[in-house]
Amino acid sequence: RFGTKGARCGRQIYASDWVRRARGNAYHLACFACFSCKRQLSTGEEFGLVEEKVLCRIHYDTMIENLKRAAENARPSFPAEQLQVMQAQFAQDNNPDAQTLQKLADMTGLSRRVIQ
């Protein structure tokens with residue numbers, strides 16, 4: 001009931017069990033496997049740990065690349081008040097000059113770059 005439990009499975013770890021440790025967590029040997037491809041990892045093999053989930057090097061790198069790509073493609077979202085101000089201006093002039101962009105920036109609290 002008490003004692004160390006496996007970080008992946010939540011089952012009791014006994015003194016006789018073979019374990020692997022990562023970031024202070026203990027894993028049964030069989031549980032120390034890639035969350036994505038389920039391949040058991042060997043001693044000395046590179047891996048990543050995301051939210052207690054073990055990932056082999058290939059799947060960890062793929063996940064990091066996908067996160068970076070998603071962050072690069074992220075679009076800002078605007079509250080309704082900011083949208084109304086910008087839509088009203090762009091309805092009048094869809095190619096505002098620098099002075100108008102600065103006025104919109106001041107009114108919305110956004111940077112000129114974001115408005116542009």
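Cys 56 touches Cys 34, Cys 37, Arg 39, Leu 41, Glu 46 and Phe 47, leaving out residues up to four places away in sequence. Contact here means heavy atoms within 4.5 Å. The model is a predicted one: local features need pLDDT of at least 70, side-chain atom pairs count only at pLDDT 80 or more, and totals for chains, interfaces and linings use all residues. Residues are numbered from 1 along each chain as its sequence is written, and side-chain values use heavy atoms, with hydrogens and water left out.

Cys 56 also belongs to the largest nonpolar core. A nonpolar core is a set of buried Ala, Val, Leu, Ile, Met, Phe, Trp, Tyr and Cys residues joined through side-chain atoms within 4.5 Å. Buried means under 20% relative accessible area, exposed means over 50%, and partly exposed lies in between (1.4 Å probe, protein chains only). The core has nine residues: Ala 22, Tyr 27, Phe 32, Cys 34, Leu 41, Leu 49, Val 54, Leu 55 and Cys 56. Its largest share, three residues, comes from strand S4 (residues 53-56). Helices (H or I, at least four residues) and strands (E, at least two) are DSSP runs, numbered from the N terminus. In soluble globular proteins, nonpolar side chains tend to be buried together.

Arg 20 lies in strand S1. Beyond four places in sequence, Arg 20 touches Asn 25, Ala 26, Tyr 27, Leu 29, Phe 32, Leu 41, Ser 42 and Thr 43. From Arg 20 to Cys 31 the separation is 11 residues in sequence and 9.0 Å in space, C-alpha to C-alpha.

Two loop residues have a positive phi. Most residues other than glycine have a negative phi. Arg 23 is in the loop between strand S1 (19-22) and strand S2 (25-28). Its phi is positive, near 45 degrees. Arg 23 is exposed, with a relative accessible area of 66%. Lys 38 sits in the loop between S2 and strand S3 (47-50). Lys 38 is not a glycine, yet its phi is positive, about 70 degrees. Its relative accessible area is 52%, which counts as exposed. The loop between S2 and S3 also holds Glu 45. Glu 45 is partly exposed, at 23% relative accessibility.

Helix H1 spans residues 57-72 and contains Asp 61. Asp 61 is partly exposed, with a relative accessible area of 28%. Asp 61 and Pro 79 are 18 residues apart in sequence and 35 Å apart in space, C-alpha to C-alpha. Ile 58 is also found in helix H1. Ile 58 is exposed, at 61% relative accessibility. Its C-alpha atom is 20 Å from that of Arg 23, 35 residues away in sequence.

Helix H3 covers residues 98-108, and its buried residues are Thr 100, Leu 101, Leu 104, Ala 105 and Thr 108. Seen down the axis of H3, they fall within an arc of 145 degrees, so they line one face of the helix. The arc is that of the directions from the helix axis to the C-beta atoms. On the other side of H3, Gln 99, Asp 106 and Met 107 are exposed. The cover over the buried residues of H3 includes helix H2 (80-92) and helix H4 (112-115). Gly 109 follows H3 and has a positive phi, near 80 degrees.

The axes of H2 and H3 come within 10 Å and cross at roughly 160 degrees. Axes are lines fitted to C-alpha atoms, for helices over the stretch in contact, and angles run from 0 to 180 degrees between N-to-C directions. H2 and H3 are therefore roughly antiparallel (over 145 degrees). The contact is made by Gln 82, Val 85, Met 86, Gln 89 and Phe 90 of H2 and by Thr 100, Lys 103, Leu 104, Met 107 and Thr 108 of H3. Gln 89 is buried, with a relative accessible area of 12%. Leaving aside neighbours within four places in sequence, Gln 89 is in contact with Thr 100, Lys 103 and Leu 104.

Terms used. Angles under 35 degrees count as roughly parallel, over 145 as roughly antiparallel, 65 to 115 as roughly perpendicular and the rest as oblique.
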